[in-house]
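Here is a friendly walk through one protein model. Please keep the viewer open as you read.

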Amino acid sequence: MANTPLIVSFGEMLIDFVPDTSGVSLAESTGFLKAPGGAPANVACAITKLGGKSAFIGKFGDDEFGHMLVNILKKNGVNSEGVCFDTNARTALAFVTLKKDGEREFMFYRNPSADMLLKESELNKDLIKKAKIFHYGSISLISEPCRAAHMAAMKTAKDAGVLLSYDPNVRLPLWPSTEAAIEGIKSIWNEADIIKVSDDEVTFLTRGDAEKDDVVLSLMHDKLKLLIVTDGEKGCRYYTKKFKGRVPGYAVKAVDTTGAGDSFVGAFLVSLGKDGSILDDEGKLKEALAFANACGAVCTTQKGAIPALPTPSDAQKLMKSKSK
């Protein structure tokens, strides 16, 4: 592990309460299962499950749920030196409805939750400087002081020559308005080296047709080394200054799409951490994205995000079974 590059994930970790029966509304649910969630934390756990090295930076309520989540990070081999606790705020909760097709609706309890109260003075900047990749989302941009901490963390990473990886993970109910969401998400767009968006997010951010290359290319910027668009079970598309293309996905029986995108991101970052040249070598990039697609697909075959994260052999099994 000594030579394994460190990937630091920044942002929120919360508890998802998922109805114990699928396809019913929150009001109709009679019971809920609690599942650890929060995209940046899922990515950190995905990385370690695939044999990478990750750390998580974020804030939790000094409550049973907060300590439970940090223990889950530790159990999953994620470095928790960047974690802190707030005695006055609770750990965030989300109630998630799984509709018949495995897609999700969210209702959040964060007013304000501990993750929103992370301050710049609480950042473990040494940990960020040691990273090869610094990964984050957009939820930490919604309110202060967390937004200022997020900006400071990005600057620390950039100044130390760390690659910046951004997955906005749009969660509209958390933003004051649609306009605020678009503006907030785009406010740090031009800093990232790598951006991953879903086809739905392309539509949301551009108000255009996500299938069209010129619409996707409007999201490119000068510093961006790679833009990835995930297309659900159809796989993903990639865009760099030199080349663009599509990598097909893997058809599986999806039970719950939670964490699939995070599993994809974790898998891709592990490959990138091992070999930075994949950003310039189209053949290597396609291999890394095929592996990421397989990891995303495996993750949808079980409920919950972190419990469903695949090992390398899970992904390789799926890739073998589908290659004719």
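Helix H6 covers residues 199-206, and its buried residues are Asp199, Glu201, Val202, Phe204 and Leu205. Here buried means under 20% relative accessible area, exposed means over 50%, and partly exposed lies in between (1.4 Å probe, protein chains only). Helices (H or I, at least four residues) and strands (E, at least two) are DSSP runs, numbered from the N terminus. The cover over the buried residues of H6 includes helix H5 (178-186), strand E10 (194-198), helix H7 (213-217), strand E11 (226-230) and strand E12 (235-239); contact means heavy atoms within 4.5 Å.

Just after H6 comes Arg207, with a positive phi of about 60°. Arg207 sits in the loop between H6 and H7, and it counts as exposed because its relative accessibility is 59%.

## About the model

This is a predicted model, in which local features need pLDDT of at least 70 and side-chain atom pairs count only at pLDDT 80 or more, while totals for chains, interfaces and linings use all residues. Residues are numbered from 1 along each chain as its sequence is written, and side-chain values use heavy atoms, with hydrogens and water left out.

## A four-stranded sheet

Let's turn to the sheet. An open sheet is formed by 4 strands in the order E3-E2-E6-E7, with mixed pairing; two strands pair if DSSP finds at least two bridges between them. At the edges are strand E3 (32-37) and strand E7 (104-109), each pairing on one side only. On average, neighbouring strands of this sheet are turned by 30° against each other, direction ignored. Axes are lines fitted to C-alpha atoms, for helices over the stretch in contact, and angles run from 0 to 180 degrees between N-to-C directions.

Strand E6 (residues 93-98) runs antiparallel to E7, and 6 bridges join the two. Helix H2 (residues 64-75) lies across strand E2 (14-19), E3 and E6, at about 95° to E2.

## Aromatic pairs

How many aromatic pairs does the structure hold? There are 12 aromatic pairs, where rings of Phe, Tyr and Trp (its six-membered ring) pair if their centres lie within 6.5 Å; planes under 30 degrees apart count as stacked, over 60 as edge-to-face and the rest as tilted. One of them joins Phe95 and Tyr109, whose ring centres are 5.5 Å apart with planes at 65°, so this pair is edge-to-face. Because Phe95 lies in strand E6 and Tyr109 in strand E7, the pair ties together parts that are 14 residues apart in sequence. Phe95 counts as buried at 18% relative accessibility, whereas Tyr109 is partly exposed at 44%.

Phe134 and Tyr136 form a tilted pair, 5.6 Å centre to centre and with 40° between the planes. Phe134 is buried at 0% relative accessibility, and Tyr136 is buried at 0% as well. Ring pairs link Phe10, Phe134, Tyr136, Tyr166 and Trp189 into a cluster.

## Backbone points to check

Most residues other than glycine have a negative phi, and most peptide bonds are trans. Asn169, in the loop between strand E9 (163-166) and H5, has a positive phi near 50°. Asn169 counts as buried, at 13% relative accessibility.

Two cis peptide bonds are worth a look. The bond from Asn111 to Pro112 is cis, with omega near -25°, and Pro112 belongs to the loop between E7 and helix H3 (125-130). The bond from Glu144 to Pro145 is also cis, with omega near 5°; Pro145 is placed in the loop between strand E8 (133-136) and helix H4 (146-159).
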